Amino acid sequence: MTSAEEASRPFAGLSDVSIPDIPVEGDISLPVASSARDDEFSTLDEPVKETILRDLRAVANKFVHVLYPKRSSVLLRDWDLWGPLLLCVTLALLLQGGAADSNDQGGPQFAEVFVIIWFGSIIITLNSKLLGGTLSFFQSLCVLGYCIMPLTVAMVVCRIVLYTASGKVSFAVRLVVVTASFGWSTFASTAFLADSQPSNRRGLVVYPVFLFYFVIGWMILTFSP
Amino acid sequence: MASPNDLQFQEFEEAAELLSADPGAPTLSISPSNIPTLTAGEDVKLDLSEDEEAQEESSELLQGHKPGGGFWTFEYYQSLFNVDTVQVLDRVKGSVMPLPGRNFIKHYLRSNPDLYGPFWICVTLVFSVAISGNLSTFFSQMGNSSYHYRPQFHRVTIAAVVIFMYAWLVPIGLWAFLTWRQGTERQMGAYSFLETVCVYGYSLFIFIPTSILWTIPFEWLQWTLIVVAMVISGSVLVLTFWPVVRDDTRAMAVGTVVTIILLHMLLAVGCKLYFFQTTVNTPPSAPTPTTPELLTTVKLH
């Protein structure tokens, strides 16, 4: 038969074969679209509570990393700006309610706190990038924002102290608390930022961070209801 | 084989052009015709030593780098931050201890002006003046039982406006004026804009510890501190700008230096009087934070 001859000559005479001569056999069946298996990659169908909780858990995880600052890359790898925004708004709200009369001899306004924190962070980030740093813009903002957390905790403590006591004792307690948290903030942020700079410029990058947290600490310490 | 030789030949041409331009500057600045116009003998010695330094430094100035890229690129600003911690500390030390014969720009900047120092010194000065002013008000009113402590945070805004305007507008004006005067005489001695901003920024450093010491509530101490700070800061500026204006007519040279010192004094005295008021009951009657306004308030006193 011609098919035997063609089998002995591979790839020969293919043009001579006409399609109806070749029997086609097989099974064609479409896979059933199983929506249950694809949920790992698509989060559109999950409940809203799960979505919010996932982000909150990530933010809380980073808070823990700030509390125990060791060389970890969680803040740098999965940066987000929710934490800094939360902390900034909390701190600015807590700094309101000082100075009973509303003339401008009082403490910082909400907008002033916001501007100082965000523009201060942006300027420090630009400074470290101009000096040749390797962190990206938003990673730096993330680190600086998260490290405000000890100072926010100090603000809460200060308000509690001001409700209970007043005078020299309360001032001494507030001074100790604010100084400790300012040192903690600076130490935590330099633990993340200093590694990204060449060693001969580390002092130039650390000093603006020190100044930034010093000014925030000053705002907290001078809060007087 | 022809192209490498051509390139070499072009390099020599450029170097020859530079070398022909370079002897022009030193010879103009030590022209003997200037010596008879100087009256004091020590001035002659000072100027000669400065010119020797200028001759030594001019070869280093040739190797100075131009900021890369246009001013809209990131690399341009990165080249303005090309300093190490040690260099910044060195420049700060030079601004605090001005020695005669050490031109700040030629000795410390060496054609590598940076913007890190002026910017962060201005920011620190803003906060130190505002915080120390607040503290001094608090200390002076401690015995007053009717006094309720106020943080006076609006002072930070005012201090920021005043100090940044001084640190940018005065160098712009001075640089434009010097370039205009130099332009008519085709000399190479004028400083670039960045160097002028840089020297003004570093000269403000002495006011940071001064403002912290101003919290001590003794008037005589405060005025002594102002005088000391003015002498140090002013001499940095005078030592830097005198060699450039000296070649001009006598009246213009003296006038320029006097204006520099006067503006500096206005800033120091204005800051002291506004931020370190010892009376709390007289709120500042909305003075606009421009130095001419402060000048009129000082004159009225």
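Trainee: Which residue of chain B forms a salt bridge with A:Arg201?

Mentor: A salt bridge pairs a side-chain nitrogen of Lys or Arg with a carboxyl oxygen of Asp or Glu within 4 Å. In this predicted model, the partner of A:Arg201 is B:Asp84, and their closest N and O atoms are 3.2 Å apart. The rule finds one salt bridge across the interface of chain A and chain B.

Trainee: How many residue pairs are in polar contact between chain A and chain B?

Mentor: The count is nine residue pairs, with both residues at pLDDT 80 or more.

Trainee: Which helices of chain A each supply at least two residues of the side that touches chain B?

Mentor: These are α5 (110-130) and α9 (202-221) of chain A. The largest share, ten residues, comes from α9(A).

Trainee: How is the size of an interface often given?

Mentor: It is often expressed as the accessible area lost when the parts come together. Here, chain A and chain B bury about 2700 Å² between them, with 63% of it on carbon and sulfur atoms. In terms of residues, 31 of chain A are in contact with 27 of chain B.

Trainee: Which residues of chain A does UniProt list for "transmembrane region"?

Mentor: The unreviewed UniProt entry lists several spans of chain A, among them residues 143-165 and 205-224. In the model, residues 143-165 of chain A are 87% helix and 0% strand, and their end C-alpha atoms are 34 Å apart. Residues 205-224 of chain A are 85% helix and 0% strand, with end C-alpha atoms 32 Å apart.

Definitions and conventions: Residues numbered from 1 in each chain as written. Chains lettered and ligands numbered in written order. Predicted model: local features only at pLDDT ≥ 70, side-chain atom pairs only at ≥ 80, totals over all residues. Heavy atoms only, no water. Contact = heavy atoms within 4.5 Å. Buried area = accessible area lost by both parts, 1.4 Å probe. Polar contact = N/O pair within 3.5 Å; in protein donor to acceptor, adjacent residues only side chain to side chain. Helix = DSSP H or I, 4+ residues; strand = E, 2+ residues; numbered from the N terminus. UniProt positions renumbered as here; feature names shortened; annotations may be inferred.
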